[in-house]
Amino acid sequence: MLRIENIVKRYGDHLALDGVSMEVPQGKIFGLLGPNGAGKTTLIRIITRITGPDSGQVLLNGKPMTAADVELLGYLPEERGLYKKMKVGEQALYLARLKGLSKQDATARLKEWFERWEIAGWWNKKVEELSKGMAQKVQFITTVLHRPELIILDEPFSGFDPINAELIRSEIIRMSKEGTTVMLSTHNMGSVEELCEEIALIDRNHVVLHGPVKEIRKRFSNATFRIDFTGNPVAFADALAFHGELLDHQVDGTQCTARVKLLHGATLNQVLAATLPAAQITGVREEVPGMHEIFIRAVSDKDPQSVSTGNTE
Amino acid sequence: MGKIQLIIWREFITRVRKPSFLIMTILGPLLMVGGIALVVFLGMQEGGIQNIVVVDKAQLLTNKLKETDDLKFFYEKTELSDSAFKASPYTVMVDVNPLVLENNTIQVFYKNLPSLNTQNHITSQIESVLEREKLRVNNVDPDTYRRIKTALKVQLFDIDKQGKRSYEQLKAGIGFAFGYLIFLFIFLYGVQVMRGVMEEKQNRVVEVLISSVKPFQLMMGKIVGVAMVGLAQFLLWVAISLILGSFGMGLVKDSMGGAALAKDVPQVTAQLQEQLDKQGVKLNETAETSEQLGVMLEVWDELPVTWILLLFLFYFLGGYLLYSSLFAAMGAAVDSETDTQQFMLPVTVPMIIAIFIAQTAVYNPDGPAVFWCSIIPFTSPVVMMVRIATGNAFSHPGELALSMALLIGTFIFTTWLAGRIYRTGILMYGKKVTWKELGKWLFYKG
């Protein structure tokens with residue numbers, strides 16, 4: 001749906017993006033991750049045509065993006081705000097009309113949203129009378145009101161209480177199900193795991209990770225298993241022999257949980273076969289790293305190329 | 001409605017709806033007309049009755065000074081001590097030196113500074129009495145003296161405009177008034193553009209906006225919208241001033257017994273003369289007044305009013321576009337109003353120079369400084385107005401054309417320049433912006 005090809009962007013001596021490429025699939029929720037200053041905002045600004053790349057191109061539905069295509073985008077910037085002195089309804093109308101909606105359409109859709117979220121009473125209030133969370137809700141509506149094909153949300157949950165964050169989350173999922181492509185930039189790895197099907201991680205002007213979340217998590221799994229058993233932990237450890245290494249274990253009465261890392265070449269089956277005589281196995285599950293851990297491991301890696309090797313499709 | 005029209009409309013309507021716009025619209029002309037009326041009114045008012053004691057040891061003036069309703073003269077043969085004067089009901093003490101016929105000097109002591117009118121009255125009364133006394137002493141017939149006394153009138157003619165007297169200075173004054181209006185407008189509304197840009201940046205609404213429209217559209221929309229606010233306010237001022245003015249004129253006419261209803265200048269002059277006579281003003285002064293009225297009418301007829309208004313509009317808009325784009329760039333480059341100082345100076349200095357040069361142009365419209373400043377686009381909107389009003393610009397159409405072309409070229413250039421600074425600046429937070437930094441922004445690829 002959105003294809004970014006080899007984007008390079010410099011600001012004077014500062015290289016903001018260096019050959020960044022990625023593909024955002026149609027109708028999916030795509031996470032754009034990266035530490036502060038990695039170049040995420042610059043990339044988003046290039047996609048939204050706020051600024052232009054030095055080289056490379058952005059393709060929307062297979063064609064290079066044009067100025068008219070900004071109406072197909074909905075962008076909620078991290079640095080966002082509204083005119084404080086303007087009335088809520090008037091301002092929402094203004095922003096919607098700047099996105100190319102007619103006055104009638106914009107009014108009708110706004111009324112619908114305001115009723116659905118039960119905020120119709122805000123229409124004639126000035127923005128400065130609203131709380132931060134209330135203003136954010138209005139801001140979210142104005143971002144998606146023109147039913148864009150691609151919605152770009154930069155830290156959409158910041159400033160929301162858990163109830164409203166949940167409201168926004170469910171709206172994102174609803175729109176995604178209706179076929180809207182969503183690009184989500186956030187530092188909240190919990191919501192990445194929950195919402196995103198694919199991600200790209202940018203660090204130091206490069207894409208260092210790119211692909212479906214499941215695959216990436218699998219790739220980062222380091223063959224560690226949690227094995228629950230009853231029996232003697234010492235006997236269990238002895239039985240592991242050359243197949244696995246006991247990282248640590250917890251004992252709760254007769255119930256033990258051991259974290260076992262497979263040694264080179266060994267399989268889970270071999271570990272289980274070796275330990276079955278020594279203990280009563282009650283459960284086994286693979287320890288898959290969370291996005292939080294993956295983020296930290298990918299970013300703290302001194303040579304980002306080594307992590308990304310073999311993961312471009 | 002196109003996007004840029006939408007932006008212009010928002011900029012216009014949100015400003016016009018503000019209470020401050022209404023207040024300024026009503027207060028502006030009221031302050032102006034009221035201010036003038038107040039000055040005139042106060043000038044005509046005496047600070048109560050002045051009791052003037054004339055210490056006249058030589059008995060030159062005693063009982064010879066004409067009194068008015070508010071000015072009473074009392075005469076003393078002997079000097080009053082300071083404390084005696086302080087304790088007396090007299091408000092002013094005039095000490096007439098016995099040698100006044102030789103040294104032409106008197107001393108006036110006061111408790112509260114007497115008005116200019118009072119001072120003039122005292123001076124003119126004593127002058128005429130002394131003159132008569134000198135005529136008598138020198139055996140000169142007063143009628144002969146009146147015939148001899150010469151008040152020279154200088155009539156200026158421009159050789160290119162045959163048979164017509166030239167009132168260059170008066171016209172230049174009118175031109176200066178127009179130039180001053182332009183100066184005022186650029187400052188008032190240029191700063192509004194800057195504030196508007198800063199507001200969008202501080203509110204963080206700007207990035208939302210420029211994901212829908214180009215930064216340049218946003219900037220131009222704001223500049224044009226604010227210009228329309230200014231024009232609307234200006235037109236309302238003119239309308240209100242005209243209404244107030246005609247109302248005020250009506251009052252003046254009423255007080256003159258309705259005589260001024262007729263557009264007959266001599267009749268008005270006669271009325272004026274009558275009034276002035278009451279105040280003891282000399283006859284030839286009245287003649288001057290009536291002549292000035294005639295001059296005003298003649299100058300008004302002579303002024304190329306249509307051209308002045310058209311060119312006023314041109315320089316007004318040209319100058320505004322030039323400066324407001326710079327103000328917009330300034331607003332975009334900084335985070336808060338306090339940071340604007342370093343950029344403010346280079347923008348304001350040319351404007352202040354323009355006002356100074358325009359002032360000198362009133363007295364010397366052909367000077368080289370005036371010439372250059374009427375060509376250079378940063379000062380031409382103000383200075384050229386003076387040359388236009390005097391007609392000087394029309395005798396050098398080449399210079400006028402050059403000045404106009406340069407102004408157009410320059411505002412196109414400054415808006416382009418401002419656009420480049422603007423689109424980078426509005427997204428830049430928490431960075432202390434230097435001139436060098438601004439220079440770099442110009443070359444960032446859009």
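Just after helix α2 of chain A, A:G100 takes a positive phi of about 95°. Helices here are DSSP runs of H or I at least four residues long, strands are runs of E of at least two, and both are numbered from the N terminus. The model is a predicted one, so local features need pLDDT of at least 70 and side-chain atom pairs count only at pLDDT 80 or more, while totals for chains, interfaces and linings use all residues. Residues are numbered from 1 along each chain as its sequence is written, and chains are lettered from A and ligands numbered from 1 in the order in which they are written.

Helix α2(A) itself runs over residues 88–98 and is mostly covered, with 9 of its 11 residues buried. "Buried" means that 20 or more other C-beta atoms lie within 10 Å of a residue's own; 12 or fewer makes a residue exposed, anything in between makes it partly exposed, and the C-beta atoms are placed from the backbone. The buried residues of α2(A) are A:V88, A:Q91, A:A92, A:L93, A:Y94, A:L95, A:A96, A:R97 and A:L98. So what sits over them? The cover includes pieces of both chains: α3 (103–116) and α4 (132–144) from chain A, plus α1 (3–17) and α8 (206–210) from chain B.

That brings in the contact between the chains, to which chain A gives 23 residues and chain B gives 18. Two residues are in contact if their C-beta atoms, placed from the backbone, lie within 7 Å. On the side of chain A that touches chain B, the elements giving two or more residues are β6 (73–76) and α2. The largest share, 4 residues, comes from α2(A). Sorted by class, this side of chain A has 12 nonpolar, 5 polar and 6 charged residues. For that sorting, Ala, Val, Leu, Ile, Met, Phe, Trp, Tyr, Cys and Pro count as nonpolar, Asp, Glu, Lys and Arg as charged, and the others, Gly among them, as polar.

Zooming out, chain A comes to 11 helices and 14 strands. Its radius of gyration is 25 Å, well over the 20 Å that the globule rule gives for 313 residues, so chain A is more spread out than a compact globule. The radius is taken over C-alpha atoms, and the rule is 2.2 Å times the number of residues to the power 0.38. Along its principal axes, the C-alpha trace of chain A spans about 75 × 45 × 30 Å. Of the 313 residues in chain A, 35% count as buried. Among contacts in chain A with a separation of 6 or more, 69% are between residues 24 or more positions apart.

Chain B has 18 helices and 4 strands. Of its 446 residues, 31% count as buried. Residues 24 or more positions apart make up 70% of the contacts in chain B with a separation of 6 or more.

Two helix pairs in chain B are worth a look. Helices α7 (residues 168–203) and α13 (residues 341–363) of chain B pack at about 170°, with their axes 8 Å apart. Axes are lines fitted to C-alpha atoms, for helices over the stretch in contact, and angles run from 0 to 180 degrees between N-to-C directions. α7(B) and α13(B) are therefore roughly antiparallel. Angles over 145 degrees get that label, those under 35 count as roughly parallel, 65 to 115 as roughly perpendicular, and the rest as oblique. Residues of α7(B) that meet α13(B) include B:F176, B:F183 and B:F187. By class, this contact has 12 nonpolar, 4 polar and no charged residues.

In the other pair, the axes of α14 (residues 368–375) and α15 (residues 380–390) of chain B come within 7 Å and cross at roughly 125°. These two helices, α14(B) and α15(B), are therefore oblique to each other. In their contact, B:V370, B:C373, B:S374 and B:I375 of α14(B) meet B:S380, B:V383, B:M384 and B:R387 of α15(B). That comes to 5 nonpolar, 2 polar and 1 charged residues.

B:T91 lies in the loop between α3 (82–87) and β3 (92–96), and B:T91 counts as buried because it has 20 C-beta neighbours inside 10 Å. Leaving out residues up to four places away in sequence, B:T91 touches B:Q50, B:N51, B:Y110, B:K111 and B:N112. B:W307, in helix α12 (residues 305–333) of chain B, is partly exposed, with 14 other C-beta atoms within 10 Å. B:W307 and B:F394 are 87 residues apart in sequence and 9.7 Å apart in space, C-alpha to C-alpha.
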